[in-house]
Structures are given as structure tokens and as C-alpha cells.
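Thanks for coming. I will take one chain, begin with a single residue in it, and then widen the view.

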Amino acid sequence: MLRYVALRVLIALVLVWLVSTLVFLVLHLVPGDPAELLLSAGNTAPDPEAVAQLRSQMGLDRPVLAQYASYIADLTHLDFGVSLRDQNPIAPELALRLPRTLELILAAALIASLIGVPLGTIAAMRDGGWSEKLVSLLASAALSTPVFVVGTTLVLVFAQWLGWISAGGYVPLAEDPARHFALLAMPAATIALPLTAVMIRMTRASVLEVLEKDHVRTARAKGLARGPIIRRHVVRNALVPVITVLGLEMGTLIGGTVLVEYVFNWPGLSGYLVRAVEARDYPEVVGIVLVISFLFVLLNLLIDITYAVLDPRVKLAK
Amino acid sequence: MTRAQRSLYIWLGLAAVLIAFPLLAPVLPLQPTIGMDIPHRFAGPSAANWLGNDEYGRDVLSRIIWGARASLAVAFGSAFCAAVIGTVLGLLGGYFRGITEVLAVRSTEIVICLPPLLLAMLVITILGAGVLTLTVALTILFVPNYTRVVYAATLQTGGLDFVKAQEAMGTHPLKILARTVLPNIVPPLLVQFSLTVASGILLESGLSFLGLGVVPPAPSWGLMIRAARAAMDQQPLLLLWPSLSLAGTVLLLNVICDRLQDVLSPKTAARGGAAWLRRQIKRTPGVPAPEVPLLKIEDLSVGVALEHGSMGLTKGISFEIKPGETMALVGESGSGKTLTGLAMTGLLPNALNVTDGHAWFRTDNGVVDLSALTEDEFGPLRGNEISMVFQDASAALNPVHRIGDQLAEIIQRHRPMPKAQAEEEVVDLLRKVGIPDPERRQRAYPFELSGGQRQRAMIAMAVANAPKLLIADEPTTALDPTIQAQILRLFGKLKDDNPGMGVIFVTHNLAVVKEIATHVSVMYAGQVVEQGTVAEVFADPRHPYTKALLASVPESDAERLESIPGTVPQPGAMPEGCRFAPRCAHAAAACAAPQPLLDTGAGRTTRCLRWADLWKDVA
């Protein structure tokens, strides 16, 4: 187990380095002068003085390799540079907002698992029946509706019409726990919806496959009742591929937070990102994109480890 | 045309009709999308403006149709560009391998490490918002998807014989790629294309919604939702139209993608899931239960349910087992011996069921008909009074639970007891079946044990609750000959420990029968052809099939090994009369009629009409 975890951590570190390099390269691979590009809007040529100033501010006047070296060196100290807008260091702002986004993602993953796995299991057990058709239809609909449409509709219904909850915002947990979770509910549910649909589809397919396995027949031959068979010998085995898909969907999930944080005014990383992109504040955007990508890699690492816990055979492979 | 194809064409037709509207937008009599009409701000649907007017009084219907153009242009444009670039990279990487593979395939996979929306936002920061930027950003995002799919398909196709043959004939690699490999990767490409178009529409509208995509006042669904959100307390309907258009379009694309997959790779698995999970109707045998010492099978038949009626797999199996006896069911594969074993525990595969007959079994609470029990009624019997050992222990044990836990489970199911006590029993059981170091091995997972040890664990599970009847389905077939002998000795030892236990031993190996069984039922093509004690049947077979079977065993006394000519008839094409007649050297005209099981005295039966003429003199 220890060797497996060590290997996974190593792979994750390599991924972090690759992603950082890719993000660095994006600015330099785009044809044209980066500083000029960042300052141009529409067809108007930017002011040459401003371009020169931005160039020296971002260190773009130095050789590319030297820029890369100091970029990576800064990253190892978790130094993300300063914002172009107000010259404030970016790292503290990231540290403040990261936990809020993480909370949203984890809450959504939790909701999706708690709803998706049981519904997917039921759909598989009742394969061909009306409950399976209903669940599959709902899953298709949930997958096809964009998160910002769902979020906006929730705001319209629950905040505007019913007035149960305010349209969005954030209160720190320490300040008012009840209000904190009340405000978390809608954004988390919105992100969870498409993920729940994916979980339902995957769980259904996976359970149907496990039901065909010989060891389920053995469990029946032991005289076990349906409940324990489904819990211990079907769902437990079926979870392994479902967990893998959860990892693959993590990218979409994180992308979803960008839109949902905006809709619900949740002060996480993504709202910060939208403002940074609007202002075309490149260092800020890079900092946020890097932190979210690292988060993405980290979540996938956690999923790999969960995988090994669920299926003891995994540790032996590779 | 199959049903799946018809369904696909219907959905494609619907998509074509819907796409025609935005394509024809310039010639449709639509109102202008730009320009203000303040008096009609937030007006509801009317004859002139079917969907009403927006916050600047512009016609919503016309903006929806023109907005679709933006979404479709970005989505199709980027999906197409990505398909071209990704296909080229994937083909090159998959065909040439080596350094090309690293550059073309592995490098693009780094993009996958970034959440999709983020990379797009990075590109927008550099290039500024707009339709062209969006298309560039989404193209970069989608390239790796195509590269992966094409790469995998190319690797597969590249290894095929006809590609190898062309290579050997010196055809230029590019020509092979274009002519042979490319057509073979079209199906996965089509699926990928419909997926990326759907995803492109979602990303475009999402970014426009954030104000980072299409630049106003140009219409776009994302922008319309953004504007409607700001005014939703005044006119909620404005939110409805673009949301419906967006979700409907994506749903349509997803459905097309699903149908496409159905057409390209038809699912073979029967739908309906596991029958045992469904509510079962309680059945009564219809006849009073006879007095049986342990088990009495009467005319048991198993069939497979087909679309029209059912097809018989075994027919009229009858035999009896008294406590302490071991009945061997022997025959070639496909003779129905395993099905007979499974039918007695209600574990027949999904479409199969008992079509006729009874299996009377003496339980602690009286005689029951095993062929008529429901899943719930079987619960207290299985693993307790009747238990099974399966052929392939590596598949029959659950790979994710420890051996000890799987054993404790069956003990605690039928005899509730504290965990510690169950664990003690588990260790004793494992020791009894000859697993060394049971205290440690009970913590092992099935994959950590050898094949012989797994089968021992499986057997331990079967005898954990001292069953009255043990059904062993080819328990030694998957094992090495030396291990086989050990497992057979273990069965002998378990019989000695529990002398009242009846055993049904399913095997195709006559040497095993001789070693372990007291009685034998020889099966052929779904029927019992001969029955008797092992000693008598082996010494004096009274059916040509038994005789041929004995002559084909290396250990038999025959001077040379004989093979039986011909093959077992298929279930759908059973001969009317004696099922062995087509392969029998002694077949006569009378054998064309259905053959009953004849009593030949001293508890022996045969299904051969001519047994008396053929072997009277020999006997």
C-alpha cells in the first residue's frame, strides 16, 4: 500500500510540473507579442509605452528560459507573483478562496454519490421496469441542462418566488453555521446535478455487470438475503469503476464551479477568476488556473488511493 | 434497417429540421436582432413577437434563431478543426509509434490535466473575448479527445492482417493510412464528434453567460440567459426560451450520440437484469409431497425461455439419493449435468427455468419441492441444508472481501453468533480443509491464494453449516492433476466426518466417479441414459453410450482408446427417438421412437431398448 501511494504521489508531482509548464507555454506559443496581445482590444493598437511597461513588469523582456526558471522557482515557494491591477501579492487571496471552492466541490461530490449510487443501483435492479426508465430519463435531462441554467432557475424559484433562501452569498462557517450551510445548499446541489446523472449511469452499468458475476451466485448459494447480497457483494464491487469515473468527471465538476460560483455569488476561486479574465490580469489568471489544476491533480490522487482501498488487487498492478 | 438504425435516423432528421432554422435565418422573415424598441420592453408573447420582447424590446424569437448560429458556428467549427488536427496526430502517433507517438499523442494529453473551462479562460485572457477566440480555445481543448480515440483505433487496426499484408507489399504508409486505417476509425470519430459538439455548445454558452464569450449586442443563448437573469423578477419568460433551446439542443445531441453507439456496437446482453431480484409468485407443487429419505428428483426438465415459447435443455431427469450416498452425474459438456445441479438450488441462469417435474427434498421442516421454491423460501436452505461447490473458485469467491469474512458470513447467516466466535469457527474450518496457517490465511484475499487453496476455501464455505446435501459442480476440473487428487481425498474425509451427508458430484471424469461416488447417473444430451451403482455400471454398462464413454478413458481396461463418432445433437435439433442413435453402432429401426428409461433389475435403469440383446450374452 505504501509503495502504491508513494508512486501515485510521484506521478501527481510530475503532473503538477507538466501542467505548470503548459500554462507557462500557452502565453509564449500564441503568435505575436504577449504584452501587446494582453493590452489589445478589438482592432485598436495598444499604446507602445504601456506595452513596454507591461513587458518589464511581467519580465517578458528577459530570455524565455530565464523566465521559465524563475517561474518554476517561484512556484516551489508557492509564490504566484503580484496582480497587475493593484500590485497585491496573489498567493494570500488564493489561500483565502481555495477552501471555499474545495468545500463546494466536496459537498457536490458527496451529494452526487449519496443520491447517484442508490438510484443507479435501483435502476439496475429494476432493469427494463418503469422505475429504471424514469431514472434514466431524469439522468439524461440532468446531463443536458447547463449548470448555469439550473442555478439561475433555482434562484428564480427558491429565492425570488418562494423566498426561502437568499439568492446567493457567503457567510463564514465560524460566524453562523446554520446560515453557512443554507447558503451552501443551492450552489452545491447545482454542481451535484449533472454529476449525479453521471453517477447514476455509471452505477447502473457497473451493477448490471457485477450481477452477472459468479461470486454473486455464490452469495445466493450461501442463502444470503437480497439486501446483504446487493450491499456487500454487488454495490461494493460495482463501486470500483464508478470511482474511476468520478475522477474523470472531476474536470467538468471544477469547470462547473466557475459558472456556479458566479451565479450564486460564492466568493471562491472561480469568481475571482472571472474578474481576472475580464480585467485580463494575466498573473492572477495563471495563479488561479494553476491552483485549480493542482486541486484537480490532488483530487485524482485521492481517488486513486480510494480505488486501492476498495479493490485490494489494484495495489499489485504496476 | 434495424430498430436502432431507424431510431437514429428519426433523431437525425429532427436535428436536421432544427438546424435548418438558424441556417436559413438570413432569408426567414425575422425581425432585426439589434436596435431598441423601448416601448415594448419585456412585452409578453404576441402575434407579432411570438416569444415576446427582451429588455431592449428586441424580438426574442429572432434572437433565439440568430443566437443558435453563434453556438453552432463555435461548436461545429471547433469540433471540426479539432477532429482534423486530432485525427492526423492520432493516425501518425498510432501508426509510426516511437518519437512521433510521444510528440503527437502524449504531449496533447497534458491538456487533459487542465479542467476544460480553465484552459479556455486562459486563452481568452490572452486573445480577448469573441467568437474566433472561443473557437480557437475549444479546438485546443478537443484535440486530445480525438487524438486519443484515433490513436487507440489506429493501434487496433494497424495490427490487423490486411494492413500487415499491404505493408509487406510495399504500399506507401500514407496511402495505407488514408485507404485502410481511416475508414475503420470513422465510427468512434462520429461518436466523438457528436460528444464534442454538445460539449462545445455548453462551453460557448457558459462563457458567453460569464460575459467572456460572444460580445454583445450580437445574440447568443448564453448572453440571453445572462441578460434574462438580471431581469428575472420582471419577465421570467425571458429566462425560459434560451434555457429551453440550449437544454433541448444538448439533449438532442446526447440522444443522437447514444443512438449512434447503439447502431455501431449493438448491445448483446439481454435486458431485464437479474430475475432473482424481482418479486416472485409463490408456487405450489400441485401434488402432495411424497415420503423421501433425502432427495428424489422426478422427471425434472429445464428449458430456456425464447421469444416464442421455450426450448428444452434437459428432459425428464429422475434419480434418488439417500443420506450418505454420493451420486455422480457424468457426461460430456452440454449434457445438462450442471443445469440439473443448479436447478436444485434455484440458481439457474436468468432465462433458464424448470419447465416440468419435481425435486423433493427432506428439510428439517418437512419435504419441499425445490423446483417450486421462491428466492426467499430458498434463503434458509441454501448454504445451510443444501450447499454448492462451484467449478471455478477464483470467479466464485468475491475478489474484494477477505476469505475469512466470506466464510464468517455464511456461518453467521444461518447460526447467529458473535464475531469472535465465528472467527474461531472459520479458523477451525480452514484447518479442516487443509489450508496451512489458517489464522493468517483467513485474512488473505482470494487473489492471494493458490488455485487449490481457493477451492479448499470454497469447499470450507460449503460444509460450514454441515449440510444434508452437497452439490459439487466439477470441483476439480480447473485444477492441476496432483491438486485434483488432494481435493478428492478432502471430499472423502469430509464424507467420513459427516456420514449422513448426501453428495451430488457433477463431473465428466470417469476416474473421479470411480474414486468418489457410490451411485452414478450417466447423462447424454439432456437425458439420463443409465443409472446404477458405480461398481455395477462400470463392470457391466447397459447403454452403448456408457460403454463408449468407458472405452474412451485412458485408465480403462480397454485394449485401445476409442473415440465416439459424431457430436452431441444441439438442443434445438434433438432426434425424436433415442438421442444417441445417430452416433450408435447398434441403432435399429425401433430406436427412432422415443425411449423410456427401462428398469433392468437390481435398482439399475437404462434408456437403451436393445440392452438385453446386446449384452445378455456378455453379462
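L430(B) is buried: its relative accessible area is 0%, and the cut-off for buried is under 20%. Keep in mind that this is a predicted model. L430(B) sits in helix α15 of chain B, which covers residues 419-432.

What does L430(B) touch, once residues up to four places away in sequence are left out? The contacts are I403(B), L407(B), I435(B), P438(B) and Q442(B). M461(B) is 31 residues from L430(B) in sequence, and their C-alpha atoms are 9.1 Å apart.

Next, another helix. Helix α9 of chain B runs over residues 221-230, and its buried residues are W221(B), G222(B), L223(B), M224(B), I225(B) and A228(B). Those buried residues pack against α2 (60-96), α8 (186-209) and α10 (237-264) of chain B, and also against α7 (147-161) of chain A.

Now the whole chain. Chain B has 22 helices and twelve strands. Its radius of gyration is 36 Å, whereas the globule rule gives 25 Å for 619 residues, so chain B is more spread out than a compact globule. Along the principal axes, its C-alpha atoms fill a box of roughly 110 × 65 × 55 Å.

How much of chain B is buried? Of its 619 residues, 51% are. For contacts between residues at least 6 apart in sequence, 67% join residues at least 24 apart. The accessible surface of chain B is about 27900 Å², with 59% of that belonging to carbon and sulfur atoms.

Key:
Residues are numbered from 1 along each chain as its sequence is written. Chains are lettered from A and ligands numbered from 1 in the order in which they are written. This is a predicted model: local features need pLDDT of at least 70, side-chain atom pairs count only at pLDDT 80 or more; totals for chains, interfaces and linings use all residues. Side-chain values use heavy atoms; hydrogens and water are left out. Buried means under 20% relative accessible area, exposed over 50%, partly exposed in between (1.4 Å probe, protein chains only). Helices (H or I, at least four residues) and strands (E, at least two) are DSSP runs, numbered from the N terminus. Contact means heavy atoms within 4.5 Å. The radius of gyration is taken over C-alpha atoms; the globule rule is 2.2 Å times the number of residues to the power 0.38. Accessible areas come from the Shrake-Rupley method with a 1.4 Å probe; for residues, only the protein chains shown count as cover.
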